[in-house]
Amino acid sequence: MEFILWDYLKRNQIGKVYDAPFDVYLDDTNVFQPDLLFVSKKHYSILTDAGIEGAPDFIVEILSPKTAQLDLENKRLQYARHGVQELWIIDPKVRTIAIHRCHENPSAPVAIHQEGDILSTPFFPGLEIDSREIFEQ
């Protein structure tokens, strides 16, 4: 997915995408390294030499057996609490993508997409992603 977003941002310079390891300091005790994150130009002030101090606009977490519980529980709740607007949780095992719009409902996804669905987000206007491309990467 990161290559899809980097390609999009080369043509549409609306922000920056970073992948792990890249520190996100939500506060003094909640520091995470999301798999992928996006910061829009209007929020560049949160970018520092140490990483990001504050909430990125958009985050992607890819579940693994080692991190699934942390991603689904603590990280999801902290992202919502600190102002992350949208979180995509990719589950490669069952090939789904859960879309969380944290400001709407922090406890449940607004949609769960299956392999083959077309995904979009207001953070990347005009971009449509075939979820099969995500699972091929």
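In what follows, a residue is called buried when its relative accessible area is under 20%, exposed when this area is over 50%, and partly exposed in between, with a 1.4 Å probe and only protein chains considered. The structure is a predicted model, in which local features need pLDDT of at least 70 and side-chain atom pairs count only at pLDDT 80 or more, whereas totals for chains, interfaces and linings use all residues. Residues are numbered from 1 along each chain as its sequence is written, and side-chain values use heavy atoms, with hydrogens and water left out.

The protein chain contains three helices and 12 strands, where helices (H or I, at least four residues) and strands (E, at least two) are DSSP runs numbered from the N terminus. Along its principal axes, the C-alpha trace spans about 40 × 35 × 25 Å. The radius of gyration, taken over C-alpha atoms, can be compared with a globule rule of 2.2 Å times the number of residues to the power 0.38; for 137 residues a compact globule would have a value near 14 Å, and the 14 Å of the protein chain agrees with this. Buried residues account for 44% of the 137 residues. The accessible surface, computed by the Shrake-Rupley method with a 1.4 Å probe, comes to about 7400 Å², and 50% of this surface belongs to carbon and sulfur atoms.

Six strands form an open sheet of mixed pairing, in the order E1-E4-E7-E8-E9-E10, two strands being counted as paired if DSSP finds at least two bridges between them. At the edges stand strand E1 (15-19) and strand E10 (111-114), each of which pairs on one side only. With direction ignored, neighbouring strands of this sheet are turned by 15 degrees against each other on average, where axes are lines fitted to C-alpha atoms (for helices over the stretch in contact) and angles run from 0 to 180 degrees between N-to-C directions. Helix H1 (residues 2-11) lies across E1, strand E4 (36-40) and strand E7 (58-62), and runs at about 160 degrees to E1.

Within this sheet, strand E8 is joined to E7 by five bridges, the two strands running parallel, and Val-60 stands opposite Trp-88 of E8. Six bridges join strand E8 (residues 86-91) to strand E9 (residues 96-101), and this pair runs antiparallel; in E9, His-100 is the bridge partner of Leu-87, while Arg-101 is that of Glu-86. In a regular strand the side chains alternate between the two faces of the sheet.

Contact here means heavy atoms within 4.5 Å, and, leaving aside residues up to four places away in sequence, His-100 touches Arg-76, Gln-85, Glu-86, Leu-87, Ile-89, Ala-108 and Pro-109. Strands E8 and E9 form a hairpin with four residues between them, and Arg-95 lies in this loop. Although Arg-95 is not a glycine, its phi is positive, at about 60 degrees; with 31% relative accessibility, the residue counts as partly exposed. Another local feature is the peptide bond from Ala-20 to Pro-21, which is cis with omega near 0 degrees, and Pro-21 lies in the loop between E1 and strand E2 (24-25). Most residues other than glycine have a negative phi, and most peptide bonds are trans.

A nonpolar core is a set of buried Ala, Val, Leu, Ile, Met, Phe, Trp, Tyr and Cys residues joined through side-chain atoms within 4.5 Å. The largest such core has 21 residues, and those with the most contacts inside it are Met-1, Leu-5, Phe-58, Trp-88, Phe-124 and Ile-129. Two or more residues each come from H1, E4, E7, E8, E9 and helix H3 (131-136), with H1 giving the most, four residues. Apart from this core lies another, of 19 residues, among them Val-24, Ile-59, Leu-87 and Ala-98.
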